[in-house]
Amino acid sequence: MIRFEDVSVGPFRGLTFQIEAGTVCKIVTEAAYEKQILVQVLAGHVKPDKGRILLFGRDIWGISELEALELYQRVGLVHGEGGLISNLKVWENIALPLWYHKGVPPEEVGRQVADWLTHLGFDAEGLADYVHQLPGNLPAHERRLMALVRAMLMEPELMIFEEMLKQLTAEVSKRVLGLTREFHAAVAGRTSVYVGPDEQAWPDLEADLVLRQKGRGVIS
Amino acid sequence: MISTQKIGEKTIGAWTHTVGVFGLLWIAALHLRALHIAPVRQVLYRQIYFSGIEALSKVTLIAALIGIVIITQVSNFVGLHSPLVQRMLVWTTIREMGPLISAIFIIARSSTAVTSELAAMKVSGEIGALRSMGIDPLGYLIMPRVLGVTVSVFFLTFYFQFAAIFGGLALSSVLLDTPLIQHFKNVFEALSFGEVGVSAVKALIFGLLISATSCYHGQRVQHSITEIPQTTTAAVMQSLFFIFIFDGLITVVSFL
């Protein structure tokens with residue numbers, strides 16, 4: 001599913017690891033900077049100085065832009081800051097990828113979105129007003145929850161979570177983990193990768209594979 | 001003292017930006033097929049709304065005032081009863097003022113907004129986030145903005161011309177105490193298809209250049225928020241250069 005072959009980028013040198021399909025994986029970096037670089041490389045925003053990164057068996061820097069865009073439709077990336085589009089309202093942000101790729105209009109996903117958001121602890125009564133705000137009015141952790149819902153709507157084969165539980169209360173963290181675990185198990189072969197610098201912030205996350213950064217650029 | 005090296009660097013920079021702007025126009029044309037995607041059309045409609053429709057009230061005021069100024073100035077030289085007054089109003093607004101002032105208005109109002117918005121989206125990682133959802137930023141962000149601003153400049157130019165002529169003629173009508181319809185008749189007599197055609201060509205080219213320049217500079221920033229005002233200023237200056245150069249070129253060619 002994910003394969004790093006001798007990748008050198010930022011602080012990392014000769015990074016080599018593999019995450020198989022169907023795995024729940026934790027990648028623990030030493031600091032936020034390393035985490036950020038790793039997520040940017042996985043998302044294809046930063047090109048490594050050396051080595052290959054394979055997603056679904058395809059070298060993300062060895063394929064055309066069109067092929068890369070098609071590949072990323074199979075990935076749900078939840079950015080630490082949310083990565084919501086600032087000039088779109090929250091509900092437009094949530095519906096955007098599904099509307100763009102599959103032509104499903106925003107009003108048709110309302111029920112599913114409402115269910116997930118109430119499950120995450122949002123007040124069902126005030127939800128209509130809430131999702132009509134611009135993302136700039138929301139704190140980072142709420143933007144991240146919206147990005148989670150946005151990513152899940154696309155039913156991706158690979159979910160990547162960047163510091164998913166940061167700044168969440170214990171109760172909401174528990175609900176998020178429950179939801180992502182359920183989502184992971186819903187489809188055989190779905191892969192979930194949690195990336196963050198502080199393992200203690202996500203003690204309840206049970207993973208099949210834990211990769212830890214050890215020293216300068218080694219993850220094993 | 002300006003060194004030769006500095007002049008060389010500036011020339012190469014200007015050339016690079018010019019090639020970049022025309023390259024972006026080409027890329028935007030290649031992405032026109034993305035218009036079949038509903039959210040892309042939504043971005044286009046919003047751009048036309050912000051750049052075109054929301055600008056109408058201010059354009060009306062500015063155009064009418066310019067029409068009044070032209071009538072006042074010309075009638076001061078040739079007398080209010082001279083048919084030259086209406087002809088001068090038509091010639092100046094259709095040939096020059098309409099396309100040029102509409103373009104400057106869009107540069108001040110929309111070009112700055114487009115450049116700073118795209119630059120802010122790039123710095124905050126929103127463009128990267130779009131790509132990581134499999135959404136092509138060129139098709140979703142750039143192409144509809146180029147098209148939306150171009151359409152807005154095109155129609156605002158004709159609207160400006162109408163409002164300026166109407167404002168000037170309304171003043172003439174009041175001062176001469178003659179019916180407004182009579183003045184419009186004189187205007188239509190002074191108009192030719194050639195003049196309207198040249199005006200349309202200018203509006204179209206200005207629209208394409210302003211929109212592409214704004215988008216080019218908007219997506220040129222890297223990581224720092226301090227680049228946003230710098231790139232916005234660069235977009236404004238380059239857009240102004242482009243429209244004055246092309247205005248001169250088209251005007252000269254149209255009289256050959």
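1. Chain B first. In this predicted model, chain B has 9 helices and 0 strands. Read from the N terminus, its elements run α-α-α-α-α-α-α-α-α. Along its principal axes, the C-alpha trace of chain B spans about 65 × 55 × 35 Å.

2. Look next at helix α4 of chain B, residues 84-123. How far apart should its ends be? At 1.5 Å a residue, its 40 residues should span 58 Å. The end C-alpha atoms lie 54 Å apart, which agrees.

3. Helix α4(B) also has a kink. The kink is about 50 degrees and lies at B:M97. The proline B:P99 follows shortly after B:M97. Then check what comes just after α4(B): B:G125 takes a positive phi of about 85 degrees.

4. Now take helices α8 (residues 193-218) and α9 (residues 227-255) of chain B. They pack with their axes 9 Å apart, at an angle of about 160 degrees. Are they roughly parallel or roughly antiparallel? Angles over 145 degrees count as roughly antiparallel, so α8(B) and α9(B) are roughly antiparallel to each other. The crossing of α8(B) past α9(B) is right-handed.

5. Which residues meet where these two helices pack? On the α8(B) side they include B:V198, B:V201, B:I205, B:F206, B:L209 and B:I210. On the α9(B) side they include B:A234, B:A235, B:F242, B:I243, B:F246 and B:I250. Among the others are B:K202 and B:H217 in α8(B), and B:Q238 and B:D247 in α9(B).

6. Turn to chain A. Here 4 strands form an open sheet, in the order β2-β1-β4-β5, with antiparallel pairing. Which strands sit at the edges? They are β2 (12-19) and β5 (58-59) of chain A, and each pairs on one side only. In general, strands of a sheet pair through backbone hydrogen bonds, either parallel or antiparallel.

7. Strand β1 (residues 2-9) and strand β4 (residues 50-55) of chain A run antiparallel and are joined by 5 bridges. For an example, find A:F4: its bridge partner in β4(A) is A:I53.

8. Last, the contact between the chains. How many residues does each chain give? Chain B gives 15 residues and chain A gives 20 residues. On the side of chain B that touches chain A, the elements giving two or more residues are α2 (38-51), α4 and α5 (126-132). Helix α5(B) supplies the largest share of that side, 5 residues. The kinked helix α4(B) is also one of the elements listed there.

Note on methods: Residues numbered from 1 in each chain as written. Chains lettered and ligands numbered in written order. Predicted model: local features only at pLDDT ≥ 70, side-chain atom pairs only at ≥ 80, totals over all residues. Expected span 1.5 Å × (residues − 1). Bend = angle between axes of the 7 residues up to and from the residue. Pairing = 2+ DSSP bridges. Axes fitted to C-alpha atoms, helices over the stretch in contact; angles between N-to-C directions. Parallel < 35°, antiparallel > 145°, perpendicular 65-115°, else oblique. Left-handed = near helix turned anticlockwise from the far one by under 90°. Contact = placed C-beta atoms within 7 Å.
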